[in-house]
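Here are my notes on the model, written as numbered points. Keep the structure open beside them and find each element as you read.

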Amino acid sequence: MINIKNLSKVYTKGNNQVTALKSISLHIEKGDIYGIIGLSGAGKSSLIRCINRLEEPTSGDIFVKNINLVGLKSKELRNARKKMGMIFQNFNLLHSKTVFENVAFPLRLIKTPEKIIKEKVNSLLELVKLQDKAHVYPSQLSGGQKQRVGIARALANEPDVLLCDEATSALDPKTTKQILKLLKNINKEFGLTIVVITHEMEVIKEICNRVAILEGGYIIEEGATIDIFSKPGNSVTKHFVEHDPSLPDQYIKGKVLNLSFTENSAGEPLISRLTKKFDIDVNILSGKIEYIQEKPIGKLTIQLNVDCDQLLAIVSFLEENHVKAEVLK
Ligand SMILES: Nc1ncnc2c1ncn2[C@@H]1O[C@H](COP(=O)(O)OP(=O)(O)OP(=O)(O)O)[C@@H](O)[C@H]1O
Ligand SMILES: [Mg+2]
């Protein structure tokens, strides 16, 4: 659905240059809910705004449904953009227009007949459960309701792709969950491809099937959310995944391992087999269950008194049994 190749973005102001994106390549499949996560300044907004050319890429190509947006003239670009809805952190609603008129706005721009506007807007308001708010103004709505108007408006032109730039960052956790659930339903019901920009791993865990981690304009890690979450390969990724609060050093002797159990490994008495097979004691430091798109991942931090050779053998044994093991210490 979206294929980004060697995308770079340099902002130039006078003699000042800021390189926001450095040779980004990404592939987003139809029906993906694709997360892009990174710290402030990592380049997330630049990336998502380059996808619909709200921001001009400095170099590289952006294919959406096999059409390269880079190089499109204004009329073709306008048509391509119609198939890409976008929602924003601060909702970007028109304050002088009612909810109905906000959602109708993109349809009026393309001179849709009044009767169709009525039908479409009403069905969109039903989809986002705001039928009863059609004639109120944005200032009378809560944050979650405003974002639902934003979503309805973004869907008005029946887009193939929905781009979300920090769409839940201004909302409380409960409202965030409701909006994420709505996005997921829309993704399922219409097969809509969704790109989610966020700095919150909770958002990624909740709805994204794939995730890219952006740092300093580079993609430093990319993969299925479940893989990234169970074995983050990079320190920035670890910062987001934060699978265990750091344990006070004085309590930790020997080797410390972080284990991630997924569905394939949940039914096995693995710790008990580990202690027998290697004739060792295992001290459990912490444990919890996390849910990634409703799939459980068990997280266990264990401590062992073993040498390096034994540790390597233990890690292989665990991995053979579908448990991801990461040596913390
Ligand atoms: N219009 C602009 N002119 C100059 N520099 C810019 C502009 N927009 C962004 N930048 C710079 O590009 C880099 C990436 O910014 P960007 O807004 O893409 O980051 P972000 O990951 O979205 O951050 P945040 O989480 O704070 O929204 C930053 O160094 C930023 O200062
Ligand atoms: Mg941003």
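Predicted model: local features only at pLDDT ≥ 70, side-chain atom pairs only at ≥ 80, totals over all residues.

1. Four strands build an open sheet, and their order across it is 2-1-4-5. The pairing is antiparallel. Strand 2 (16-28) and strand 5 (67-68) stand at the edges. Each has a single partner strand, so one side of each is left without a neighbour in the sheet.

2. Look at strand 1 next. Strand 1 covers residues 2-13 and pairs with strand 2 over nine bridges, in the antiparallel sense.

3. Now the ligand. Which residues come nearest to ligand 1? They are Tyr11, Ala20, Ser40, Ser45 and Ser46, out of 13 residues around ligand 1. Strand 1, strand 2 and helix 1 are the elements that give two or more residues to this shell. Helix 1 supplies the largest share, three residues. By class, the shell around ligand 1 has four nonpolar, seven polar and two charged residues.

4. Six strands form an open sheet in the order 6-7-8-3-9-10. Here the pairing is mixed. Strand 6 (84-88) and strand 10 (218-224) are the edge strands, and each pairs on one side only. From one strand to the next, the twist averages 15 degrees.

5. Strand 6 and strand 7 (residues 161-165) run parallel, joined by five bridges. Met84 stands opposite Val161 in strand 7. Helix 5 (residues 143-155) lies across both strand 6 and strand 7. Helix 5 runs at about 165 degrees to strand 6.

6. Helix 5 also has a helical neighbour. How do helix 5 and helix 6 lie, roughly parallel or roughly antiparallel? Their axes cross at roughly 20 degrees and come within 10 Å, with helix 6 spanning residues 173-190. An angle under 35 degrees counts as roughly parallel, and helix 5 and helix 6 are therefore roughly parallel to each other. The crossing of helix 5 and helix 6 is right-handed. On the helix 5 side, the contact uses Gly143, Gly144, Gln147, Arg148 and Ile151. Helix 6 answers with Thr175, Gln178, Ile179 and Leu182. By class, this contact of helix 5 with helix 6 has three nonpolar, five polar and one charged residues.

7. Compare that with helix 3 and helix 4. Helix 3 (residues 99-109) and helix 4 (residues 114-127) have axes that come within 10 Å and cross at roughly 130 degrees. That makes helix 3 oblique to helix 4. The crossing of helix 3 and helix 4 is right-handed. Phe100, Val103, Ala104, Leu107 and Arg108 of helix 3 meet Ile117, Lys120, Val121, Leu124 and Leu125 of helix 4. The residues of this contact between helix 3 and helix 4 are eight nonpolar, no polar and two charged.

8. Turn to strands 11, 12 and 13. Strand 11 (residues 255-261) pairs with strand 13 (residues 295-304) over seven bridges, in the antiparallel sense. Ser260 has Lys299 as its bridge partner in strand 13. Strand 12 (residues 282-292) also runs antiparallel to strand 13, and ten bridges join them. There, Val282 is bridged to Leu304 of strand 13. Strand 12 and strand 13 form a hairpin with two residues between the strands. In that hairpin, Gln293 takes a positive phi near 45 degrees.

9. Finish with helix 10 and helix 11. The axes of helix 10 (residues 270-278) and helix 11 (residues 308-320) cross at roughly 140 degrees and come within 11 Å. Helix 10 and helix 11 are therefore oblique to each other. Their crossing, helix 10 with helix 11, is right-handed. Helix 10 brings Leu274, Lys277 and Phe278 to the contact, while helix 11 brings Gln310, Ile314 and Phe317. The contact of helix 10 with helix 11 has four nonpolar, one polar and one charged residues.

Note on methods: Residues numbered from 1 in each chain as written. Chains lettered and ligands numbered in written order. Pairing = 2+ DSSP bridges. Axes fitted to C-alpha atoms, helices over the stretch in contact; angles between N-to-C directions. Parallel < 35°, antiparallel > 145°, perpendicular 65-115°, else oblique. Left-handed = near helix turned anticlockwise from the far one by under 90°. Contact = placed C-beta atoms within 7 Å. Nonpolar A, V, L, I, M, F, W, Y, C, P; charged D, E, K, R; others polar. Near = placed C-beta within 6 Å.
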